Amino acid sequence: MPVAPNDVRPFAALDDTDRAILAELAADGRLPNNALAERVGVAPSTCLTRTRALRECGAIRGFHAEVDPAAVGLPLQALVSVRLAAHERAAVDAFRARSVRLPGVVSVFHVAGAEDYVLHVRAASGDALRDFVLDHLAVDPAVQHTQTSLIFEQARGMG
């Protein structure tokens, strides 16, 4: 069923064709529309309309290039677990807002369990990573505890 470009649907309303488009674009965001249409078995015009609708409803958040961190001088990656001292909404929201702006932070995950956040960080060296933790997290009064895990290898999943 063709979807009008301004048809903003909830994610639950996505059908098998929409999900196929999302899967193909997740695997290769540079896939040309004609090739995408062929892979999912719809006409190119239908594929383009559906892709636009998927962007408009937020199912497609954006497209990006996956850059080798070493190519931009940040070959070291780590996951820094953070436990907050207090859990009032204002403190939690303020920490999240600050942490996404810290240098080298790739992603911030609010998690369940013993820790409150996990920050995916890139750094130029072990010294730079240590300085990041000391200069930005250890001095933050909202932070009670941190634990840093180095990433030896990263493999991208299909999901």
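The centres of domain 1 and domain 2 lie 35 Å apart, taken over C-alpha atoms. Domain 1 covers 14-55 and domain 2 covers 67-149, with bounds from an automatic or database domain assignment. This is a predicted model, where local features need pLDDT of at least 70 and side-chain atom pairs count only at pLDDT 80 or more, while totals for chains, interfaces and linings use all residues. Residues are numbered from 1 along each chain as its sequence is written, and side-chain values use heavy atoms, leaving out hydrogens and water.

**The annotated span**

- UniProt, in an unreviewed entry, lists residues 14-75 as "domain: HTH asnC-type"; such annotations may be inferred rather than shown by experiment.
- Residues 14-75 are 53% helix and 0% strand, and their end C-alpha atoms lie 39 Å apart. Helices (H or I, at least four residues) and strands (E, at least two) are DSSP runs, numbered from the N terminus.

**The sheet**

- Four strands make an open sheet in the order β2-β3-β1-β4, with antiparallel pairing; two strands pair if DSSP finds at least two bridges between them.
- β2 and β4 (143-151) stand at the edges with a single partner strand each, so one side of each has no neighbour in the sheet.
- From one strand to the next, the twist averages 20 degrees, with axes fitted as lines to C-alpha atoms and angles running from 0 to 180 degrees between N-to-C directions.
- Five bridges link β2 and β3 in the antiparallel sense. Ser 107 has His 120 of β3 as its bridge partner, and Val 108 has Leu 119 of β3.

**The second largest pocket**

- The second largest pocket holds about 280 Å³ of space. A pocket here is an open set of points on a 1 Å grid where a 1.4 Å probe fits, with protein on both sides within 12 Å along at least five of seven lines; lining residues have an atom within 4 Å of a point.
- Its lining has 13 residues, and Glu 66, Val 106, His 120, Arg 122 and Gln 154 lie nearest the centre.
- β2 (105-110) and β3 (117-123) are the elements that give two or more residues to this lining. β2 supplies the largest share, three residues.

Definitions and conventions. Points joined across faces, edges and corners; volume = space filled by probe spheres on them.
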